[in-house]
Amino acid sequence: MTLTVLPNLLNLKKLCRGRQTAAGRARFAPLGRGAGIRTAALTLAGVLGSLVAGTPLVGQESPMARPVIRGLAFRGNRALDDYTLAISIATSNSSWWARTGFVSWLGLGEQRYFDEREFRRDLVRLQLLYSQSGFLEASIDTVVQRDSGSVRLTFVIDEGEPVRITELTVMGTEGVISERTLRDRLPLAVGDPFNRFRLRAATDTILTALANRGYPFAQVFRGFDVDRQAHAATVLFDVDPGPRARIAAVEITGATRVSPGVVRKLIPIREGQWYRRDALFTAQRDLYRTGVYDYVDVRLRDSLPDGPDDTLVTAQVRLREGRLYRVRTGAGYGTLDCFRLLAAVTAHHFPGAARSLDVTARLSKIGTGDPFPWGFQNSVCPSLDVEQDSARLALNYNLTATLTEPALFGRRTSAALSVFAERRSELQAYVREAVGGDVSLTLRTPWEIPFTLTYGLERGSTKAEPAQFCVYLNICRDEDIAVFQQPLLQATLSLLAVRDRRNSFLDPTQGSLTSAEVRWAAPAIGSDTLAQFTRAQAQVAGYHRVGRRGVFAWRVQGGIIVPPDLGGTAQSLRYVPPEERFYGGGPNSVRGYGQNELGPIVRVIETRTVDNETIVDTLRSASGGNALALANVEYRLPLPVLAGRLEAALFVDAGQVIERGAARTYPGLRIAPGVGIRFVTAIGPIRLDVGYNGYGPSRGPLYERVGSQLVLLDDDYPGEGDPVPQPSFLDRLRLHFSVGQAF
């Protein structure tokens, strides 16, 4: 093995010093579009050009003889992280498969080769990066370790003392926006290193703030004074706002099937309004949302004012309409749905005015029951093997048609009308068949928090385990229970508010999501007496970057149901339909529990005779609750394989579902840790999670079926003396397979 130390080739302090006056001062420079980027690019090109024109390096290897890079590291850096440094140089590490000793012999992964000339240029690149970041005294050396066709590289960095901003002033914005407001928004502040990249970004921040107040032609002149010996810098932004402008006209091109009048109704730009840059971006986003257009460009036609008194500008909207009919199909697999299919047809601009009609059909639990009783629950879908009711294993379906009006009373209000027919089942809980429809009105507030008011009406029946009615209503005879399982008319009025600040719907890594919903069903709006309730639920979730690629995600969720007193009996009779109850456990809840295993449960002993042999079954079902508490934390980190498409996750879930007002007490929060793997795809991450349940069997009432009714045997089974085998370690693990993050 040989060890080589390459000295620093250039002292870029002289380069930086040459761009200033003898006193170390830089003059004012007006900002032109891309001026900062061009300046940095020309400087770097000049430095690299001088190297290219120089004498070739002695001992440079031929391409065939270049060693493979097995390691690339940075040592001594604190202000700039490894990722920033790595993407700033040409030399790059080989892939994990190609550089890891115990698997590199397989020949997998991409091998990257050592180019000594580029490596020497990388010294210049890093020196320039540090200089532009405010570290004018940074020095960089390298260590090269060679060994039998491979090389390991280390950049040894001494960042030195940075030049820090001691004074920052913004001039020329009086009467437009206060200096204090601007300073709070700038990416530079007093005490920060004098970073040239952030200096340019601060200029863009000022221009954006002025553009959103009606000043499209603002100019910013920036200046700075650097004292190297004192490691201090003062920064000045001199602003010329220019004339404040109004929208004189909105020109629309490319509108053929959708009339220009409809386009004007969909966008927030009106003649006579003050110009706002955000309005252009909002118009572009809203037009894309209609699904009618393949291309949308919204900009000002004017690039410069005609004079100091020019206060009118023209907005241009350029469109290219796409296909008006789109067909989507899909197939999938999940631990709860088994195999599933989807088919959808969307007709845009139907029957006009950018309205859309969407017809979607979904099938799930294919192969687990009628009409396809292929027994998949015993093989490829083992999570459904616990289901003991054949009706809940039968095919689920949903057919929905939705007509959407994107601008009902204006661009901030939209409406939708839907009709549907469905059959859906919840594992070990209930099966529901219903037909109905709903009409909704959505109002988008200026804070981009949409409020949706929905009235729904459906007629359907829900079949649940008879033991649920014994537990909550003390009704245990089949003929009495049948009253609650007959088809009922349910009318609901709901209000939903959502604040979505996530950077991705499928796989968020930054931002937050807050939502709250209240649903009310009562005879006053059309419900039957046995289909009334008040249900409220809210959640808050946050996503934060950890380092460059890690993500820390958390969620807190809660809900409560208030059932009315139905009356008509000597005792209080409070009933919540099974499909409206809260259930806990599963891939998107507490993952240490299977679907609906968390919370109140009930067991029933049934005796049957098969071939003159008596068989005793203990059936378990989830009875749900009227209160929910849930919390999740998760850390996701990409693995160094498959180009970062494979992620690992560590999580801890906590939650509980209880029945408020019940005579029995419930245990506290259940906490379950676990690990998972995600494979990132275009439709979202494919997720495999394993949760650990460290608790014993769930406790609940135990009934025995005697003829046509249920008889209570034990109100709290299993108790202290009940002979119940404790689960093994493997029995405590819960496996969940699905698409999309848990939250």
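Which strand holds the place of Gln557? Hi everyone, let's start there. What we have up is a predicted model, and in it Gln557 sits in strand β22, which covers residues 550–562. Gln557 counts as buried because its relative accessibility is 16%, and the cut-off for buried is under 20%. Setting aside neighbours within four places in sequence, Gln557 is in contact with Gln537, Ala538 and Gln539, and also with Leu628, Ala629 and Leu630.

Now, on to the disulfides. The count comes to two, and with bonded cysteines counted along the chain, the pattern is 1-2, 3-4. One of them joins Cys338 to Cys381, with 1.8 Å from S to S. This link is right-handed, at 70° about the S-S bond. Cys338 belongs to strand β13 and Cys381 to the loop between β14 and β15, so the pair ties together parts 43 residues apart in sequence. Cys338 is buried at a relative accessible area of 0%, and Cys381 is buried too, at 1%.

Cys470 and Cys476 also form a disulfide, with their sulfur atoms 2.2 Å apart, and both of these cysteines are buried.

Cys470 takes us to helix α11, where it is one of the buried residues. The helix runs over residues 466–473, and seven of its eight residues are buried, so α11 is largely enclosed by the rest of the structure. Among those buried residues are Phe469, Tyr472 and Leu473. What covers them? The cover over the buried residues of α11 includes strands β18, β23, β24, β29 and β30, along with helix α12. And just after α11, have a look at Asn474, which takes a positive phi of about 60°. Thanks, everyone!

Methods
Residues numbered from 1 in each chain as written. Predicted model: local features only at pLDDT ≥ 70, side-chain atom pairs only at ≥ 80, totals over all residues. Heavy atoms only, no water. Helix = DSSP H or I, 4+ residues; strand = E, 2+ residues; numbered from the N terminus. Buried < 20%, exposed > 50% of the residue type's maximum accessible area, 1.4 Å probe, protein only. Contact = heavy atoms within 4.5 Å. Disulfide = S-S within 2.5 Å.
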